[in-house]
Amino acid sequence: MKQDKETRNKLLACAREEFIEKGYMKASLRNICKNAGVTTGALYFFFEDKEDLFEAVAGETAKRIYQMMQAHFEDEKDMLGSGTLLIPSKEDSQEHMETVGEIIHQMYLHREDVLLVLTKSQGAKYENIADQFIETAEKHYRLMAKGIQQADLNKTVDDKFIHWLAHEQIDTFIYMITHIEKEEEAMQFICQAVTYMMAGWYGLFLGK
């Protein structure tokens, strides 16, 4: 029914404001209902509990962030498969940065929601989402290192270094979204960061 849809959307809008302002732990369902102009019974008609409500508010954003990260990694896998990741051309590097730029654009289109997932989800199932991203990044870099090592078996990277590198990459994006408000400034920052990290990454292999 139209009325049910409107009530649910109102609850989601008020919940989003409450979660962004107070975080998951301190957010009040009673306050959300008050702001939405409905009873707590109405809330429980649409959502099982606070966790379910937070999932409805933040779940799509969490999924979107992960999908963007995976798309970026798939792009790098394609470059590795074609051999361009070993010695990237200027065009390859430019295309790589365009992909990164689209990720930044999407993150800043939904910056408040991204911040909600990354910094306001303590107590919810997404409280360790940064660690999940790091784990995914670590698996990716292990795959990249293995692919490059297959081209030259004398070139290896320590596992602990790859774990640190995964931390460094995810922490860089988290620092960017939490400390830089404007997309243009964020893009300038991330271009410098990616250039720095890629130079170090290639230096491990090409510099030997």
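Helices (H or I, at least four residues) and strands (E, at least two) are taken as DSSP runs and are numbered from the N terminus. On this basis the chain has 9 helices and 0 strands, and its elements run α-α-α-α-α-α-α-α-α from the N terminus on. The structure is a predicted model, in which local features need pLDDT of at least 70 and side-chain atom pairs count only at pLDDT 80 or more, while totals for chains, interfaces and linings use all residues. Residues are numbered from 1 along each chain as its sequence is written, and side-chain values use heavy atoms, with hydrogens and water left out.

Of the 208 residues in the chain, 42% are buried (buried means under 20% relative accessible area, exposed over 50%, and partly exposed in between, with a 1.4 Å probe and protein chains only). Contact means heavy atoms within 4.5 Å. Among contacts between residues at least 6 apart in sequence, 75% join residues at least 24 apart.

Helix α6 (residues 111-119) packs with helix α8 (residues 159-179) at an angle of about 125 degrees, and their axes are 10 Å apart. This angle makes α6 oblique to α8. Axes are lines fitted to C-alpha atoms, for helices over the stretch in contact, and angles run from 0 to 180 degrees between N-to-C directions; those under 35 degrees count as roughly parallel, over 145 as roughly antiparallel, 65 to 115 as roughly perpendicular and the rest as oblique. From α6, the contact is made by Arg-111, Val-114, Leu-115, Leu-118 and Thr-119, and from α8 by Ile-174, Ile-177, Thr-178 and His-179. By class, the contact of α6 with α8 has 5 nonpolar, 3 polar and 1 charged residues (Ala, Val, Leu, Ile, Met, Phe, Trp, Tyr, Cys and Pro count as nonpolar, Asp, Glu, Lys and Arg as charged, and the others, Gly among them, as polar).

Across the whole structure, a search finds 9 aromatic pairs. Rings of Phe, Tyr and Trp (its six-membered ring) pair if their centres lie within 6.5 Å; planes under 30 degrees apart count as stacked, over 60 as edge-to-face and the rest as tilted. Tyr-66 and Phe-133 form a stacked pair, because their ring centres are 6.4 Å apart and their planes lie at 20 degrees. Since Tyr-66 lies in helix α4 (residues 50-82) and Phe-133 in helix α7 (residues 129-151), the pair ties together parts that are 67 residues apart in sequence. Tyr-66 is partly exposed, at 34% relative accessible area, whereas Phe-133 is buried, at 6%.

The aromatic pair of Phe-161 and Trp-164 is tilted, with 5.4 Å from centre to centre and 40 degrees between the planes. These two residues are 3 residues apart in helix α8 and so are separated by about one helical turn. Phe-161 is partly exposed at 30% relative accessibility, and Trp-164 is partly exposed with a relative accessible area of 44%. Elsewhere, ring pairs link Phe-19, Tyr-24 and Phe-54 into a cluster.

Helix α7 also holds His-140, which is buried, with a relative accessible area of 3%. Not counting residues up to four places away in sequence, His-140 touches Phe-73, Glu-76 and Lys-77. The C-alpha atoms of His-140 and Glu-74 are separated by 9.2 Å, while the two residues are 66 residues apart along the chain.
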